[in-house]
Amino acid sequence: MSSDLSSDLRERLRRLGVVRGARALPPSPRRPVAVESVLPGGFHETPAGRCWLARTEYPAGHAHGRLSLESFLALPPHTLAIIGGDPSLATVPLSQALFLDTETTGLSGGTGTMAFLVGLGFFEEDRFVVLQAFLRDPGDEPAMIGFLAEFLPRFRWLVTFNGRGFDVPILQNRFVLARRPFPLDGVPHLDLLVPSRHLWRERLVSCSLTALERDVLGVVRDQADIPSGVIPLVYRDYLRTGDAREIPRILYHNRMDILSMPVLAAHLGRVLLNPEGETELSGEELGALARWYGQAGWDAESLLRAALARTRPGERRARYLTELALSARRRGEWARSVEWWQQLALEAPNRVEPAVELAKVYEWHLGNPALALEWARVALRRAENLPPGPHRERGIADIQHRIRRLERRMLSPKFF
């Protein structure tokens, strides 16, 4: 093969798969691909310039995993207040929620971090819309800020996943640097990361949104997705080379994050309101729900009982037994509290607390000092096996004082 082949012929041979002598062929240059040729949408003009907007619409009934997007709209508002721990969420109109997620130039935040993609999800009539503002160039940021300043005031409240600690502060910083007020300051904000950790941290290794999609919501992302930790590197590579081939994967990742928020909120609400109807809940999840019920002032006993039935003996089961015993004690149900303390004393033979509590109940509420004395002696034997330290010494002293008092009472003529 002649060494003076034209570059055009070499390239045609390469495309046809001719590889003999390929080492002598010069590498085929990678031609940059512009954003306009790979992304949907177009330019949005503002007084500060133009930014790129991509709009994707879904029917409100679109299934994202096991639930539809519109299942969010069926949530009772008071449930949002419990999920978010914020009473102001009880009054928000669900249809005026904004689901927000950003992709940034860094994962640590701070004033040097820029949001190069801002994803906005919202319900519009019978559709769910995802609007994505993308910075083709950092110089387009004033136009993006201008668009957001105009668009965000449409919404009454905010839903994010880790937005309180990441997305919102980053956008606030960018608005401050642009000398503009942030339109979402002060609006009710439901950050789904906190309740998700509350419910699933004991069951799942990770409470990231992609982990919750896989393990809880039944969402399967396709191969177009990209790991979140890689996204800043891909964007910086795009700025360096001008090649936008990988940018659609970032928009896909951001879009999936936004679609998962309404169904995650709906799932949290369904579990909170009807845990008995969720047959796949684990003991850990039922125990977490029981604590949630307790914080809301609701009766959690049935949930704790269900958690016990689905939990093997160990630290978690001991915690549920303790909560049941304390709950019965608060209600003055002394005989029932004895049942729970006795079960805990049996399952946790090294614990001092159940034996002490049984001594108290039998002495002061059930009028049986003989049994109270027996349990106090059990408590002393257990306390003596504790590691040395001030806590052990104080515990032993208190138990010995109780034993002496009970022994004197047993010897009193009034006892016979």
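Me: Buried means under 20% relative accessible area, exposed over 50% and partly exposed in between, for a 1.4 Å probe and protein chains only; on that scale, are Y235 and Y238 buried or exposed?

Reply: This is a predicted model, in which local features need pLDDT of at least 70 and side-chain atom pairs count only at pLDDT 80 or more, whereas totals for chains, interfaces and linings use all residues. Residues are numbered from 1 along each chain as its sequence is written, and side-chain values use heavy atoms, with hydrogens and water left out. Y235 and Y238 both lie in helix α8, 3 residues apart or about one turn of the helix, where helices (H or I, at least four residues) and strands (E, at least two) are DSSP runs numbered from the N terminus. As for accessibility, Y235 and Y238 are both buried.

Me: What kind of aromatic pair do F134 and Y235 form?

Reply: Rings of Phe, Tyr and Trp (its six-membered ring) pair if their centres lie within 6.5 Å, and planes under 30 degrees apart count as stacked, over 60 as edge-to-face and the rest as tilted. A search of the whole structure finds 18 such pairs. For F134 and Y235 the centres are 6.0 Å apart and the planes stand at 85°, which makes the pair edge-to-face.

Me: How many residues apart in sequence are the parts that the pair of F134 and Y235 ties together?

Reply: F134 counts as buried at 1% relative accessibility, and Y235 is buried too, with a relative accessible area of 0%. The ring of Y235 also pairs with that of Y238, with centres 5.8 Å apart and planes at 40°, so this second pair is tilted. Because F134 belongs to strand β7 and Y235 to helix α8 (residues 231–241), their pair ties together parts whose separation in sequence is 101 residues.

Me: Which residues of helix α4 are buried?

Reply: Helix α4 spans residues 141–151 and is mostly covered, with 8 of its 11 residues buried. Their cover includes β1 (42–46), β2 (49–59), β6 (115–124), β7 (127–134) and α5 (163–177). The buried residues are E141, A143, M144, I145, G146, F147, L148 and F151.

Me: How far from the ring centre of F43 does R50 lie?

Reply: A charge sits over a ring if NZ of Lys or CZ of Arg is within 6 Å of the ring centre and within 35 degrees of the ring normal. R154 lies over the face of F122 at 5.3 Å from the ring centre. R50 lies over the face of F43, and its distance from that ring centre is 3.6 Å.

Me: Which side chain of opposite charge is nearest to D191?

Reply: D191 is in strand β9 (residues 189–191), and its contacts (heavy atoms within 4.5 Å), leaving aside neighbours within four places in sequence, are T160, F161, N162, G163, R164 and G165. A polar contact is a pair of N or O atoms within 3.5 Å; within protein, one must be able to donate a hydrogen and the other to accept it, and residues adjacent in sequence count only if both atoms are side-chain atoms. The side chain of D191 has a polar atom 3.3 Å from the backbone nitrogen of G163 and a polar atom 3.0 Å from the backbone nitrogen of R164. Lys and Arg count as positive and Asp and Glu as negative, with His and the chain ends not counted, and the nearest oppositely charged side chain, 4.6 Å from the buried D191, which has no salt bridge, is that of R164.

Me: Which residues are linked with R55 in a network of salt bridges?

Reply: A salt bridge is a side-chain nitrogen of Lys or Arg within 4 Å of a carboxyl oxygen of Asp or Glu, and the structure holds 35 of them. One of these joins R55 to E124 at 2.7 Å, N to O, and it links strand β2 with strand β6 across 69 residues. R55 counts as partly exposed at 41% relative accessibility. The residues linked with R55 in the network are E57, E124, E125, D126, R127 and R154.

Me: Where do E363 and R402 lie?

Reply: E363 forms a salt bridge with R402, the closest N and O atoms being 3.2 Å apart. E363 is buried, as is R402. The pair links parts of the chain 39 residues apart, with E363 in helix α14 (residues 353–364) and R402 in helix α16 (residues 390–411).
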